[in-house]
Amino acid sequence: MQCYDKYLKAAFKEAATKAGHPEWELPDNAGTYNDTPDSTEFFGSNGTYLTDKGKFFLTWYSNNLITHGDDILDEANKAFLGCKVKLAAKVSGMHWWYNSPSHAAELTAGYYNLYDRDGYRPIARMLSRHDAILNFTCLEMRDSEQDAAAKSAPQELVQQVLSGAWREHIEVAGENALSRYDSYAYNQILLNARPNGITNKGVPKMHGFTYLRSSNDLFEDTNFELFKIFVKKMHADQEYCSDPAKYGQELKPLKLSKPKIPIEDLLDATTPMKPLPWDEETDMKVDG
């Protein structure tokens, strides 16, 4: 966990004392970076994360992340107020151990996400008061490409996070996690950018996409030719348009953020919901 400096230790002790448990300390049984969940007391079967103490800690830990993000966006809003910009917040794609009961990688990073608790929609709800974009990663990944031992599920994670953001009526942007130059990866990105294809019905579409990254490999002849097709498909085979207003992305002066949302209202969004419907494959394949 990332909470063992003297300030967070004091903050946790104060919170635990207010909750009537001055004896509670920060976890010391969550293992180290290269441990598997089942080898730790905290994340193992019937682990600490399922106890009242564990739930209290994880709620406090994740709430701190949300509150910090909210505060930073407040400062950004003040700095850029009136400028033609759009604020965004990066949410990390912790897809390994997603298919294990404890979701250990996500919990360690501060995303309190379990089968019966949505750890991402409260973040999206917080972003909504700033009219900010949620920027997510690993859009190119498929479950079948991952090591089975890691119980990784990037496809389900992407669908959960994007669905939660769209349900909170905010824009979503994304990026790829690894350098990829193949049609398999490009087609998966295209699917996640437009889960129901080129239609005005169904799931919303992604606001923007950042490709990672420019390199000598990208500009090799075959790779670059396929990349150009990918860019064209991301624009639904449309020609270049220099006027953002014509495709709904005109930048307007940044307005003052709305009033703070009480943490209790943010936590209402932890109720899990099924992801929005996703097509099996994109209707704009680069190799179609």
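Analyst: Helices, of at least four residues, and strands, of at least two, are DSSP runs numbered from the N terminus. The model is a predicted one, and in it the protein has eight helices and four strands.

User: In what pattern do the helices and strands follow one another along the sequence?
Analyst: The protein contains eight helices and four strands. Read along the sequence, these elements give the pattern α-α-β-α-α-β-α-β-α-β-α-α.

User: What radius of gyration does the protein have, and how does it stand against the globule rule?
Analyst: Along the principal axes, the C-alpha atoms fill a box of roughly 65 × 50 × 35 Å. For 288 residues the globule rule gives 19 Å, and the protein comes close to this, so it is as compact as a globular protein of that length, with a radius of gyration of 21 Å.

User: Is α4 largely enclosed or largely open, and which of its residues are buried?
Analyst: Seven of the eight residues of α4 are buried, so this helix is largely enclosed by the rest of the structure. The cover over these buried residues includes α2, β1 (88-90), β2, α5 and α8 (263-267). The buried residues themselves are Arg121, Pro122, Ile123, Ala124, Arg125, Met126 and Leu127.

User: Is Val91 buried or exposed?
Analyst: Val91 is found in the loop between β1 and α3 (104-109). Beyond its neighbours within four places in sequence, Val91 is in contact with Tyr111, Tyr120, Ile123, Leu134, Asn135, Phe136 and Thr137. Since buried means under 20% relative accessible area, the 4% found for Val91 makes this residue buried.

User: How far apart are the C-alpha atoms of Val91 and Thr137?
Analyst: Val91 and Thr137 are in contact, although 46 residues separate them along the chain. The distance between their C-alpha atoms is 7.5 Å.

User: Are the rings of Phe219 and Phe224 stacked, edge-to-face or tilted?
Analyst: The structure holds 18 aromatic pairs, and in this one the ring centres lie 5.1 Å apart. Phe219, at 46% relative accessibility, counts as partly exposed, and Phe224, at 27%, likewise counts as partly exposed. Planes under 30 degrees apart count as stacked and those over 60 as edge-to-face, so with its planes at 50° the pair of Phe219 and Phe224 is tilted.

User: Over which ring does the charged end of Arg142 sit?
Analyst: A charge counts as sitting over a ring if, among other conditions, CZ of Arg is within 6 Å of the ring centre. The charged end of Arg142 lies 3.7 Å from the centre of the ring in question, which is that of Tyr184.

Key:
Residues are numbered from 1 along each chain as its sequence is written. This is a predicted model: local features need pLDDT of at least 70, side-chain atom pairs count only at pLDDT 80 or more; totals for chains, interfaces and linings use all residues. Side-chain values use heavy atoms; hydrogens and water are left out. Rings of Phe, Tyr and Trp (its six-membered ring) pair if their centres lie within 6.5 Å; planes under 30 degrees apart count as stacked, over 60 as edge-to-face and the rest as tilted. Buried means under 20% relative accessible area, exposed over 50%, partly exposed in between (1.4 Å probe, protein chains only). A charge sits over a ring if NZ of Lys or CZ of Arg is within 6 Å of the ring centre and within 35 degrees of the ring normal. The radius of gyration is taken over C-alpha atoms; the globule rule is 2.2 Å times the number of residues to the power 0.38. Contact means heavy atoms within 4.5 Å.
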